[in-house]
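Thank you all for coming.

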Amino acid sequence: MTAGAEGQKAFETDPQALPDSAERLRVARIGKPHGIRGEVTVQLFTDEPERRLAPGSVLIRIAGDETTDRFTTLLTVTRQRWNKSVCLLDFREVTDRNGAEALRGSTLYVEVPMEDEPEEDGWYSHELAGFSCRSTEGEALGTLKELITGAAQDLLVVTAVSGEEVMVPFVEEIVPEVDVENQRIVLNPPPGLF
């Protein structure tokens with residue numbers, strides 16, 4: 001059996017395994033329940049929630065450290081709506097507040113086909129996590145923890161050399177270079193940010 005056939009076989013028997021032609025994209029984290037019918041709030045990690053979390057979307061769920069439901073692996077979105085600036089989701093598999101509370105802290109992923117050509121100047125958080133962050137003079141500033149996508153602008157969450165988490169606006173003036181080959185991000189932060 002070839003490696004590709006083994007990957008496909010694992011996908012057919014394990015709902016969290018992926019075929020060789022796909023990868024996982026983190027799209028949201030489940031927050032607190034909203035109401036009594038199983039609706040949940042979510043923290044978004046995608047700039048396309050209308051598409052990635054649309055009704056009918058099947059999401060791969062990974063339980064968080066404090067999540068009590070350790071068994072449900074796939075969730076099917078039945079409804080998405082907004083309450084002011086908070087995204088709310090209903091799932092086919094969750095029908096009450098207790099079920100919603102049991103999912104709290106879970107991270108949600110979608111399966112996406114592997115891109116032949118990466119989008120220029122576009123990255124997913126998992127592609128950049130762990131990159132070293134250096135100043136334009138070469139001074140070590142820290143390590144990238146994650147990329148948070150936002151409606152207005154994206155933010156880099158950097159674990160500074162001091163151990164503190166620093167939020168850096170992902171704009172060209174402050175982030176002049178992302179060197180994927182050497183896993184390095186060059187920062188030009190304003191005074192006092194680090």
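Predicted model: local features only at pLDDT ≥ 70, side-chain atom pairs only at ≥ 80, totals over all residues.

Residues are numbered from 1 along each chain as its sequence is written, and side-chain values use heavy atoms, with hydrogens and water left out.

The protein chain has four helices and 12 strands, where helices (H or I, at least four residues) and strands (E, at least two) are DSSP runs numbered from the N terminus. Of its 194 residues, 39% are buried, meaning under 20% relative accessible area with a 1.4 Å probe, protein chains only.

Turning to the pairing, which requires that DSSP finds at least two bridges between two strands, strand S8 (residues 140-148) runs antiparallel to strand S9 (residues 155-160) and is joined to it by six bridges, with Ile148 opposite Leu155. S9 also pairs with strand S10 (residues 165-169), again in the antiparallel sense, over five bridges, and Thr159 stands opposite Glu165. S9 and S10 form a hairpin with four residues between them, and Gly163 in that turn has a positive phi of about 100°.

As for the cores (sets of buried Ala, Val, Leu, Ile, Met, Phe, Trp, Tyr and Cys residues joined through side-chain atoms within 4.5 Å), the largest has 20 residues, and Val27, Ile30 and Phe91 are among those with the most contacts inside it. Its largest share, four residues, comes from S1. Apart from it lies another core, of 17 residues, including Cys133 and Phe170.

Technical notes:
Buried < 20%, exposed > 50% of the residue type's maximum accessible area, 1.4 Å probe, protein only.
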